[in-house]
Amino acid sequence: MSLNLKINPLKKWLGDYKYPLVISGPCSAESEDQVLETALQLSKIPNVKIFRAGIWKPRTRPGDFEGVGDIGLLWLKKVKQQTNLLTTVEVANPMHVEKCLKNNVDVLWIGARTVVNPFSIQEISNVLKGVDIPVMIKNPVNPDIKLWIGAIERIYNAGIKNIGAIHRGFFIYDNKVYRNQPMWEIPIELKRLLPDLPIIVDPSHICGNRQLLSAVSQRAMDLGMSGLMIESHPNPSKALSDANQQIEPSKLETLLSELIIRKQKGDIDFENKLEELRSQIDEIDLKLIEDLANRMQVVDEIGKYKQENKITVLQLKRWNTIINDRLKSGEKLGIYNDFLVKILELIHLESIRRQTNIVKNSKNI
Ligand code: PEP
Ligand code: MN
């Protein structure tokens, strides 16, 4: 995939801000008092630059609180008058966009349920043509990086250069620990493909609870992500949506103060030592690839041998022995069991694929 988007850095559209950028505010705007009280408290936290509030809420089931609607935009105007915070609102259709623009919302964000639908994203992009407003794009609910990139491209093609991505985790059927699985490999790949794109992590929707917020925020910082979006509410357990995951602004302040922020780069000694270690890794990786290639050659020989003797490719007894033996060796060497199982399964699958291909190809001879 070749991507050549010239996305502006956060500084360009935010002006001065303290790293990490923090976006906070309630899941949903519920009342003028709740909105203003939250905003006032948040405005005292140096990292908080943008105030978020959902006004039109995409709820899974009808009858749940679906947001206060247009009146919330007037409350957000007051937030701008009474604090130095910028405001952001979730938009899901052209009408939402137009209302936000009319009411001077500073930043738009597109939610996970909207990003799954290219028709919706295209409609939103169409009304954004010629408009100068930053847009943040959450990942789609399902772990599909192309769908996420597609939405970013559609907004970019509308002429918007001030774009941010929001990583809010992915729905998987059997979620146990997280509300939405972080699958860090996906935002990391997004960063590799679009190095200029700021990625803001949303620990609230990843965790779905308050307990894990700190750990997920710390992970985001360790990965060098650009910012955090964390939901806050003056009385979280009474919130009309996402009551389990919101925190009081004071708790947000504590959470932020406890984060360990790493530097992107170290001093010259650090960089030299890092280079030395990296060249060791390069050599080891090369050796791993050579060893894998050697292993596959032997696999091919075994495949031919089995074929000549009309023996099935899959040999469960042998596979069990491999798993048990290798896990024992791995354990002694301090390699995490689940990790080794995944690697062995991959190697085994590839070995089977090669052996069955030999059978298939030889039919033509
Ligand atoms: C939200 O931010 O409140 C929200 C609805 O998030 P998501 O689109 O990530 O589910
Ligand atoms: Mn929410």
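**Gln246**

I began with Gln246, which I found in the loop between β8 (227–231) and α11; helices (H or I, at least four residues) and strands (E, at least two) are DSSP runs here, numbered from the N terminus. Is Gln246 buried or exposed? It counts as buried because its relative accessibility is 0%, where buried means under 20% relative accessible area, exposed over 50%, and partly exposed in between (1.4 Å probe, protein chains only).

**Basis of the entries**

I am reading a predicted model, in which local features need pLDDT of at least 70 and side-chain atom pairs count only at pLDDT 80 or more, while totals for chains, interfaces and linings use all residues. Residues are numbered from 1 along each chain as its sequence is written, chains are lettered from A and ligands numbered from 1 in the order in which they are written, and side-chain values use heavy atoms, with hydrogens and water left out.

**Manganese site**

Which residues donate to the manganese ion (ligand 2)? I listed Cys27 (SG), His205 (NE2), Glu231 (OE) and Asp242 (OD), lying 2.1 to 2.4 Å from the ion; donors are N, O and S atoms within 2.8 Å of the metal (3.2 Å for Na, K and Ca), and sites may look incomplete, since water is not among the atoms. Along the sequence, I wrote the spacing of these donor residues as C-x177-H-x25-E-x10-D. The pair of Cys27, in the loop between β1 (21–25) and α2 (32–42), and His205, in helix α9 (residues 203–207), links distant parts of the chain that are 178 residues apart. I checked the burial of this pair as well, and both Cys27 and His205 are buried.

**Ligand 1**

Around ligand 1 I found Cys27, Arg52, Lys57, Glu90, Trp109, Gly111, Ala112, Arg113, Lys138, Arg168, His205 and Glu231, taking a residue as near if one of its heavy atoms lies within 4 Å. I sorted this shell into three nonpolar, two polar and seven charged residues, with Ala, Val, Leu, Ile, Met, Phe, Trp, Tyr, Cys and Pro counted as nonpolar, Asp, Glu, Lys and Arg as charged, and the others, Gly among them, as polar. For the oxygen atoms of the ligand, I noted a polar side-chain atom of Arg52 at 2.7 Å, an N or O atom in the side chain of Lys138 at 2.8 Å, and a polar side-chain atom of Glu231 at 3.2 Å. Taken alone, ligand 1 exposes 300 Å², of which the protein buries 97%; accessible areas come from the Shrake-Rupley method with a 1.4 Å probe, and for residues only the protein chains shown count as cover.

**Domains and a distant pair**

The domain assignment, which is automatic or from a database, gives domain 1 (10–264) and domain 2 (272–364), and I noted 43 Å between their centres, taken over C-alpha atoms. In helix α14 (residues 337–363) I looked up Ile358, which is buried at a relative accessible area of 17%. Ile358 and Lys99 are 259 residues apart in sequence, and their C-alpha atoms are 63 Å apart in space.

Arg262 is in the loop between α11 (249–257) and α12 (268–308), and I recorded it as exposed because its relative accessible area is 54%. Its side chain makes a polar contact with the side chain of Asp222 (3.1 Å), and its C-alpha atom is 7.2 Å from that of Met221, 41 residues apart along the chain. Ser125, by contrast, sits in helix α6 (residues 118–128) and is buried, with a relative accessible area of 2%. I found its side chain reaching the backbone oxygen of Ile121 at 2.8 Å, and a polar atom of the side chain lies 3.3 Å from the backbone oxygen of Arg154.

**Backbone entries**

Most residues other than glycine have a negative phi, and most peptide bonds are trans. Met183, in the loop between β6 (163–167) and α8 (185–193), has a positive phi of about 40°. Lys310, in the loop between α12 and α13 (316–332), has a positive phi of about 55° and is exposed, with a relative accessible area of 76%.

Methods
A polar contact is a pair of N or O atoms within 3.5 Å; within protein, one must be able to donate a hydrogen and the other to accept it, and residues adjacent in sequence count only if both atoms are side-chain atoms.
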